[in-house]
Amino acid sequence: MTQGNQRFNMETRFPRLLELKAGQSCKITPSATGEETLMLYKNGRHAFIHNPEGPIKEALAWTEQFQELKPDTHVIFFGVGLGYHIQELLRRHPGLHFSLIEPSVEIMHAFLEHSSYKDWFLTSRVEEIMADESFTRNIPVLSKLIDRVSRILVVVWHTYPAMFPEELRRFNESVQQLVSYKQEKMKVTHHYEKEWALNSIHNFPYILDTPNFLETGKEHIQGKPVIIVAAGPSLNEEIENLRLIKEQGLAYIFSVGSAVNALIEQGIYPHGTFSYDPNIYNVDVVQKIIDQQITSIPLIFGSTVGRHTVDDYTGSKQHLIISQDVLSTELLRNVKDKPLEIINDAPSVAVIAIQCFIRMKASKIILVGQNFAYRNSEYYAAGVTNSKGYPFMESLPQVPDVHGSMVISHPSFIQMKAEMELYIRLSKGVEFINTTLDGANIAGTVFMLLKDLISHELSERVVNTSWLTDEHALEYDQELLKRRIQELEQSGEQFQVVFDQTEQLLIALGQLVRDKRTEEITLTLTRFDYTFAELVKNRYFQIYALPRNRMNYELLYSKTSLIQNDPEPLSKAEKVLQYFGDFIWACKVDCHQSRPIFDRFHKSILNKENNYAE
């Protein structure tokens, strides 16, 4: 491939490179040894990106610190300059894959003009190229990159901390946050992947027999103030204010999670309570309602909520389709051909509720008891007995509170708060008010005492006394559902055939590796790629096998670049056996255990029976 073709390929992959322009602050100059170096004018002074006495010698010495790199390491270079240090690191590690981040668009332009595409192998070895002084537009790209690689190493060229301190700070914070999100997501996926899938099947009859909250509730909520009551310790201070609001119908009140128990203890019944946790013990959250046979608090449940949460619930029920519920999203369609509304899974049920009320166009979303922090070492409000929460420790991180001081929080609180702030930031036309005394400051909200809010803004009755008494099940297309189940059964038969072929190819590949038969290995790898692609396209695999084995699949996905770019057939085959073999074996064991559940589910739908819940 000619350099011109390689450049065309690069700019097709990264079209923003075409927008880069040369600037006055960046200048390529010769060094004392004849190689080119780069001089930047910034903050009133000139500085060299590379040593003017010998940039290549400098790069050779600097890369000595990276003698040992694991083969699955993806290097993110912060600071490109003219690329001497990058080129030397790639020479030391020929199989290395990398991404480039350059905070100066002028420097990136100079680098691209200076670089030889052939020498850099850019078309095959670079994953991402990001150049932006603000960096914010690159965060989604960086997030996807971190998600799809298994290991990262950030390499910062030594002149950049002094030249771009603020840009480097923002970059480091973003990387730390995104890696933390990935680790947390992986932990949650590992813990709940089987539960999400089983809960979806168990709860499916309740989905068919109950209204969709986003549909039936919207006419009541649109243009009205809504209060989300969480179980934080500051809830204790607001009981009488909430009682007044409920009695006078000044706003709709919804509890999230365990907060319903604190309200019931005080004789306050919210207009609805949200529950979504996939844990099998989640029923404990609503056990008080069940035990006391309370019928006037509607349960708004996520479709992946823990099994048995909904079974014995004594009040009315409304559902939400949660993004982790692949089953419902694939099988259900509205008879009116409306798009299926899906709520994104979240680390906190309060974030689930916020998504709902943003979509339902509430005029105000008012947060009560949403501490996201400890208060006098307390985790929960009085009356919450179903959970102890995280124990208080003085060494836990601190965050700014609503009064401008610092308050002790917890890493899980901080993550929940960050996700809530994201939805607040993305919303339009909704006012967010945080009334939580001594709680963490929530970006995008205005702090106001609840008593003052009542005096100044909640002055008239807005609650419809027939709230949800006119409930009706949202009709999903039953005939389409049956057809899709029949198609799924056919896909199940095809799945078994393709799965067996995939397994047999892995067995054959293992024997070829032991015998070191390179030519046959190459042919078998090609056949395996095709067969595995057929497996991944199979709908039975997508709906049943994959959701229950997400963690293994994500691990496999993170290794694909490492495998695909291995030039040695024997080494590539060994990696395929290791990573694909682990995934196929996990799927085989799981499908053997779960197939009877799926078969009963299909039979119950086709026979119009709902006796498959266990």
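So, how many salt bridges does the count come to? By the rule I used, which takes a side-chain nitrogen of Lys or Arg within 4 Å of a carboxyl oxygen of Asp or Glu, the count comes to 22 salt bridges.

Quick housekeeping before the details. This is a predicted model, where local features need pLDDT of at least 70 and side-chain atom pairs count only at pLDDT 80 or more, while totals for chains, interfaces and linings use all residues. Residues are numbered from 1 along each chain as its sequence is written, and side-chain values use heavy atoms, with hydrogens and water left out.

Take Arg92 and Glu64: their closest N and O atoms are 3.0 Å apart. Arg92 sits in helix H3 (84–92) and Glu64 in the loop between helix H2 (55–62) and strand S4 (73–78), so this pair ties together parts that are 28 residues apart in sequence. When I say helix or strand, I mean DSSP runs numbered from the N terminus: H or I with at least four residues for helices, E with at least two for strands. Arg92 is partly exposed at 23% relative accessibility, and Glu64 is partly exposed too, at 43%. On that scale, buried is under 20% relative accessible area, exposed is over 50%, and partly exposed is in between, with a 1.4 Å probe and protein chains only. These two also belong to a salt-bridge network that links Glu64, Glu88, Arg91 and Arg92.

Glu240 and Arg243 meet at 3.1 Å, N to O, and both lie in helix H12 (239–248), 3 residues apart, about one turn of the helix. Glu240 is exposed, at 51%.

Then there's Arg539 with Glu330, at 3.0 Å, N to O. Arg539 lies in helix H21 (539–545) and Glu330 in helix H15 (326–331), so here the pair ties together parts that are 209 residues apart in sequence. Arg539 is partly exposed at 25%, and so is Glu330 at 30%.

Helices H9 (165–209), H15 and H21 each supply at least two lining residues, with H9 giving the most, 4 residues.

Now the sheet. It's open, with 9 strands in the order S13-S12-S11-S10-S9-S8-S14-S17-S18, and the pairing is parallel. S13 (342–343) and S18 (446–447) stand at the edges with a single partner strand each, so one side of each has no neighbour in the sheet. Pairing takes at least two DSSP bridges between two strands; S8 (225–229) and S14 (364–368) are joined by 5. One of the bridge partners is Val368 in S14, which goes with Val229.

Last one, cysteines. The search finds 0 disulfides, a disulfide being two cysteine sulfur atoms within 2.5 Å. The sulfur of Cys587 has its closest cysteine sulfur in Cys591, 6.0 Å away, too far for a bond. Cys587 is buried at 1%, and Cys591 is buried at 13%.
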